[in-house]
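Trainee: Could you walk me through reading a fold like this one?

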Amino acid sequence: MATENPPRPPQAPRAKPIQEDDGGAVVLERKPEKTKPPQMYQVVLLNDDYTPMEFVVAVIQEFFNKDRETATQIMLKIHMEGKGVCGVFSKDVAATKVDRVMEAAQKSGHPLQCVSEPTA
Ligand code: TYC
């Protein structure tokens, strides 16, 4: 009975051999590392029953640089659907936006909640 070799597991590609240049210097070749784009974060406002619509529109305009019409659309989406994305930022910028919005809400005595979450 013929014995067949079992299938071989896939092999890791071999490193390129060391090359010497004319001057005898050793040159190691390395594949360029692939850098992933940084994780981004969306800043989300949550609906509640007490924060005035006008305050939410003003917050979206001031902290997310939206015009009044866009800010109103975002506010209405939050009001209808429970939450809405106001912008997407690097981790630090998103955290600062959350802090600023929460600060403004507390100062005005509104229960508005703002959170950041990683984008997919
Ligand atoms: N639901 C609020 C109201 O009816 C309005 C509101 C919208 C509150 C968006 C929070 O993130 C919010 N006054």
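Here is a short talk about the sheet, the helices on it and the core.

Mentor: First, this is a predicted model: local features need pLDDT of at least 70, side-chain atom pairs count only at pLDDT 80 or more, and totals for chains, interfaces and linings use all residues. Residues are numbered from 1 along each chain as its sequence is written, and side-chain values use heavy atoms, with hydrogens and water left out.

Trainee: In what order do the strands of the open sheet run?

Mentor: Strands are DSSP runs of E, at least two residues; helices are H or I, at least four, and both are numbered from the N terminus. Two strands pair if DSSP finds at least two bridges between them. Here 3 strands go 4-3-5, with antiparallel pairing. Strand 4 and strand 5 (113–118) each have a single partner, so one side of each lacks a neighbour in the sheet. Strands 3 and 4 share 6 bridges, and L45 sits opposite G84 in strand 4.

Trainee: Which strands does helix 3 touch?

Mentor: Contact means heavy atoms within 4.5 Å. Helix 3 packs on the sheet against strand 3, strand 4 and strand 5.

Trainee: How many residues are in the largest nonpolar core?

Mentor: Such a core is a set of buried Ala, Val, Leu, Ile, Met, Phe, Trp, Tyr and Cys residues joined through side-chain atoms within 4.5 Å; buried is under 20% relative accessible area (1.4 Å probe, protein chains only). This one has 24, with V43, L45 and L112 among those with the most contacts inside it. Helix 1 gives the largest share, 7 residues. L112 touches residues including L45, F55 and V101.

Notes. Buried < 20%, exposed > 50% of the residue type's maximum accessible area, 1.4 Å probe, protein only. Axes fitted to C-alpha atoms, helices over the stretch in contact; angles between N-to-C directions. Lists of a residue's contacts leave out its neighbours within four places in sequence.
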